[in-house]
2 protein chains.
Amino acid sequence: MREVFQQEMREVQDRLVEIAGLVAESIDKATRAFNESDVTLAEEVIADDPRIDHATITLDELAITILARQQPVARDLRIVVSALRISASLERMGDIARHIAQLARYRFPDKVVPKSLRGTFAEMGRLDVEIAQRLVELLTTEDVKLAEYIRDEDDKVDALHLQVFDKVLGETWKGEASDTVDATLASRYHERFADHAVSIAKKVLYLATGDWAPDDA
Amino acid sequence: MREVFQQEMREVQDRLVEIAGLVAESIDKATRAFNESDVTLAEEVIADDPRIDHATITLDELAITILARQQPVARDLRIVVSALRISASLERMGDIARHIAQLARYRFPDKVVPKSLRGTFAEMGRLDVEIAQRLVELLTTEDVKLAEYIRDEDDKVDALHLQVFDKVLGETWKGEASDTVDATLASRYHERFADHAVSIAKKVLYLATGDWAPDDA
């Protein structure tokens, strides 16, 4: 029974890695669409989001089937519950990538944010993409160091998020109200994306170390 | 076994109702703090959020214990999984109430939004509070009509969310960048709060058809 469980959980893990890969691809395209006003890429991200949604629903069904058939207890049970939670966070990360792409599409052919903020958003986007790519690795290898790395990168995203507000609320800000709205929303999306990654990293840490992390993201 | 399961699931339901009650109280205080610049109320919401977090963690532990001890299958299993998901959404709604309170505290003694938007936010806040209160009733009674009602109220919140952007991006908007940032964030929080309620309502709809309601109630 335990062996079947292990086998089925490998299947769950493979699918989590696959979905995280789709999310990494989406955030990469979304941030490029955002920074380079590439409406084709934006459309791709928006069109692909249902694939991520569908993949998470399929994964959830598999996890529920494992619960029903294998009746796991103790640590095994918590692993399956963690997988369901990781799936929910990945689904939200896909939504956020879509939101970023929608901002890009909405402003096309203009850029979403004025010149003075482009460097900040380029860096935030780069960090989100890197975080998503490390998340794929983390789900594959369960290397604890990657979880720490993701947390550190999230701190950098948070700092940039504050920087956006400093610029928008600073004396030199010349943006119109629409620039301010876009910058506010975009910054919040970038920040939330990284938050979800940290929340997943905590759960993977649990899977690797046995330290149960409550859902506090 | 089934009887024990029913009993334990009543306990889960009671706790969901209790947490939804805490969330309703929080959003009521948070929106009053926001609309009336009441920093004492804002502080209360911020201080109370860990209670909601703690209550959801305790509930999750109970649900996981039920999974381990009762080994539910089929519909029963889906009911427990739904409870875990509802718990996660309630936890997020508590976070959002805290975010709204934090905006109020940050701007105190000023109001968060300029005069021209106060009516819109008062109405959004009223809807969010009503949605949270209906959610408590829905979790208590599983009355399908309440789920529909919540969905309709969410449509109204979405319309007001768009109205905020129309005003902020309109010709008559005289707000400073900080007003624009605050209005954008606040509107997004109000809208997400209602979204989570709809997501819960959908799950309760399932629970209602999942034979969760005790026969003797």
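Trainee: Which residues does A:Arg98 touch, not counting residues up to four places away in sequence?

Mentor: A:Arg98 touches A:Val45, A:Ile46 and A:Asp49, where contact means heavy atoms within 4.5 Å. Before going on, the ground rules: this is a predicted model, local features need pLDDT of at least 70, side-chain atom pairs count only at pLDDT 80 or more, and totals for chains, interfaces and linings use all residues. Residues are numbered from 1 along each chain as its sequence is written, chains are lettered from A and ligands numbered from 1 in the order in which they are written, and side-chain values use heavy atoms, with hydrogens and water left out.

Trainee: OK. Which helix is A:Arg98 in?

Mentor: Helix α3 of chain A, residues 74-107. Helices here are DSSP runs (H or I, at least four residues; strands are E, at least two), numbered from the N terminus.

Trainee: What about the phi of A:Glu142, positive or negative?

Mentor: Positive, about 55 degrees, although A:Glu142 is not a glycine. This residue belongs to the loop between α4 and α5 (144-168) of chain A. As background, most residues other than glycine have a negative phi, and most peptide bonds are trans.

Trainee: Switching to packing. At what angle do α1 and α2 of chain A cross?

Mentor: Roughly 165 degrees, with the axes of helix α1 (residues 2-36) and helix α2 (residues 39-70) coming within 10 Å. Axes are lines fitted to C-alpha atoms, for helices over the stretch in contact, and angles run from 0 to 180 degrees between N-to-C directions. So α1(A) is roughly antiparallel to α2(A); the classes are under 35 degrees for roughly parallel, over 145 for roughly antiparallel, 65 to 115 for roughly perpendicular, and oblique for the rest.

Trainee: Which hand is the crossing of α1(A) and α2(A), left or right?

Mentor: Left-handed, as in the near helix being turned anticlockwise from the far one by less than a right angle, with clockwise giving right-handed. The residues of the α1(A) and α2(A) contact split into 18 nonpolar, 4 polar and 9 charged. For the classes, Ala, Val, Leu, Ile, Met, Phe, Trp, Tyr, Cys and Pro count as nonpolar, Asp, Glu, Lys and Arg as charged, and the others, Gly among them, as polar.

Trainee: Now across the chains. How do α3(A) and α2 of chain B cross?

Mentor: At roughly 130 degrees, with the axes of α3(A) and helix α2 (residues 39-70) of chain B coming within 10 Å. That makes α3(A) oblique to α2(B), and the crossing is right-handed. A:Leu77, A:Arg78, A:Val81 and A:Arg85 make the contact from α3(A), and B:Asp60, B:Glu61, B:Ile64, B:Leu67 and B:Ala68 from α2(B). By class, there are 5 nonpolar, no polar and 4 charged residues in the contact of α3(A) with α2(B).
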